[in-house]
Amino acid sequence: MAVKFASDDWAKQFKDEVNKSNVYKSAAKGWKWTVGLVVEAEPDKNFPESRGVVMDLFDGEARDIKIGSAADAQRCDFVITAPYSRWKQVATKELDATKGMLQGKLKLKGDLPTIVRYTKASQEMTECTSRVPVEWPDER
Amino acid sequence: MHEPGAGRMARREVEGGADAAGLVVYASQEPSAFAGMLGGLIEANVRANPAKKKDFDALAARVGIWVTDIDEGVTLVFDAGRLTVYNGLEPRRTITIRAEADTVMSLSNLKIGPLGLPVYYDEVGRGVALKLMRGKLRIDGMLANVQVLNRVTRIFSVQ
């Protein structure tokens with residue numbers, strides 16, 4: 001059943017998808033940092049307030065993924081920031097996350113060598129988001 | 001493609017501590033996201049690893065990188081301990097790497113073997129070698145500048 005984007009239900013399903021992925025488990029071996037996704041508000045897309053997705057990822061496992069404020073996400077070790085519609089493009093595979101970062105469409109904060117070392121893990125994480133059936137606020 | 005000469009006069013140093021002066025500078029006042037990412041990656045690598053710093057201090061070359069699926073590129077001008085990052089491709093390049101974004105990221109994930117040579121026999125290395133053979137990764141100037149390419153690969157590598 002489709003869940004509202006960036007809702008608690010979405011976070012739970014996203015976490016389940018990550019933990020089901022053997023590709024992620026293997027590619028993220030050794031990862032020990034928190035990751036925050038900042039989803040910036042776009043009121044004209046029916047996404048009126050910025051939200052944060054706070055991910056506690058450790059050694060190939062998602063220990064916790066929860067929804068918080070943008071400030072919560074910004075406190076993570078790695079922070080990726082983009083407006084709502086960009087995240088929608090990523091989750092619907094319209095935009096490749098790696099290309100998005102190289103083009104500055106997704107803004108990354110954090111230690112670059114570390115994130116580059118785990119490119120495959122981050123790509124699989126993007127795949128996991130695309131497996132969650134989503135009810136998009138601008139399509140309601 | 002970016003206008004190569006646009007920002008030559010306005011160099012901006014990367015923010016850093018007291019010892020950061022002079023390592024990486026950007027030719028443009030507005031470096032592209034790709035330029036910022038590559039400059040940041042190289043700076044972090046060089047600062048964290050004395051062997052990479054030695055390579056960085058010894059390297060004098062003009063390296064172009066063009067990402068074919070986003071139509072963006074940079075020129076990295078290594079000048080023995082100093083790097084200037086240009087938006088777009090500048091003339092007189094020693095080598096030019098042309099590949100899709102994923103492949104460019106794979107180049108940073110090449111392992112370096114005991115003789116300081118990139119490892120092409122593990123999964124990442126085989127992938128890169130295959131793309132080279134199939135023409136999905138093109139390196140202009142490679143044959144005449146193998147040492148430069150190996151040195152650049154060592155500086156790039158995050159492994």
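**Entry 1**

I counted two residues as being in contact if their C-beta atoms, placed from the backbone, lie within 7 Å. The model is predicted, and I therefore kept to its limits: local features need pLDDT of at least 70, side-chain atom pairs count only at pLDDT 80 or more, and totals for chains, interfaces and linings use all residues. Residues are numbered from 1 along each chain as its sequence is written, and chains are lettered from A and ligands numbered from 1 in the order in which they are written.

I took helices (H or I, at least four residues) and strands (E, at least two) as DSSP runs, numbered from the N terminus.

**Entry 2: chain B as a whole**

I noted 5 helices and 7 strands in chain B. Read from the N terminus, the order of its elements is β-β-α-α-β-β-β-β-α-α-β-α. Of the 159 residues in chain B, 41% are buried. I used "buried" for 20 or more other C-beta atoms within 10 Å of a residue's own, "exposed" for 12 or fewer, and "partly exposed" in between, with C-beta atoms placed from the backbone. Among contacts in chain B between residues at least 6 apart in sequence, 58% join residues at least 24 apart.

**Entry 3: helix α1(B)**

I returned to α1(B), which has 16 residues and spans 22 Å from its first C-alpha to its last, close to the 22 Å expected at 1.5 Å a residue. The expected span is 1.5 Å times one less than the number of residues in the helix. The buried residues of α1(B) include Phe34(B), Met37(B), Leu38(B), Leu41(B) and Ile42(B), and also Glu43(B) and Asn45(B).

**Entry 4: two helix pairs in chain B**

I next examined α2 (residues 50-58) and α5 (residues 146-156) of chain B, whose axes come within 9 Å and cross at roughly 140 degrees. Axes are lines fitted to C-alpha atoms, for helices over the stretch in contact, and angles run from 0 to 180 degrees between N-to-C directions. I therefore recorded α2(B) and α5(B) as oblique to each other. Angles under 35 degrees count as roughly parallel, over 145 as roughly antiparallel, 65 to 115 as roughly perpendicular and the rest as oblique. The crossing of α2(B) and α5(B) is left-handed; that is, the near helix is turned anticlockwise from the far one by less than a right angle, whereas clockwise would be right-handed. Lys52(B), Asp55(B) and Phe56(B) in α2(B) meet Arg151(B), Arg154(B) and Ile155(B) in α5(B). This contact has 2 nonpolar, no polar and 4 charged residues.

α3(B) passes α4(B) in a left-handed crossing. Thr103(B), Ser106(B) and Leu107(B) in α3(B) meet Val124(B), Gly127(B), Val128(B) and Lys131(B) in α4(B). I counted 3 nonpolar, 3 polar and 1 charged residues in this contact.

**Entry 5: positive phi**

Most residues other than glycine have a negative phi. I noted Asp59(A), with a positive phi near 50 degrees, in the loop between β3 (51-58) and β4 (61-68) of chain A. Asp59(A) is exposed because it has 11 other C-beta atoms within 10 Å. Arg92(B), not a glycine, has a positive phi of about 60 degrees and lies in the loop between β5 (83-87) and β6 (95-99) of chain B. With 8 C-beta neighbours inside 10 Å, Arg92(B) is exposed.

**Entry 6: two buried residues of chain A**

I located Trp87(A) in helix α4 (residues 84-91) of chain A; its 27 C-beta neighbours inside 10 Å make Trp87(A) buried. Leaving aside residues up to four places away in sequence, Trp87(A) touches Val39(A) and Ala82(A).

Ala28(A) sits in the loop between α2 (22-27) and β2 (34-40) of chain A and is buried, with 23 C-beta neighbours inside 10 Å. With residues up to four places away in sequence again left out, Ala28(A) touches Leu57(A), Gly60(A), Tyr118(A) and Ala121(A).

Key: Nonpolar A, V, L, I, M, F, W, Y, C, P; charged D, E, K, R; others polar.
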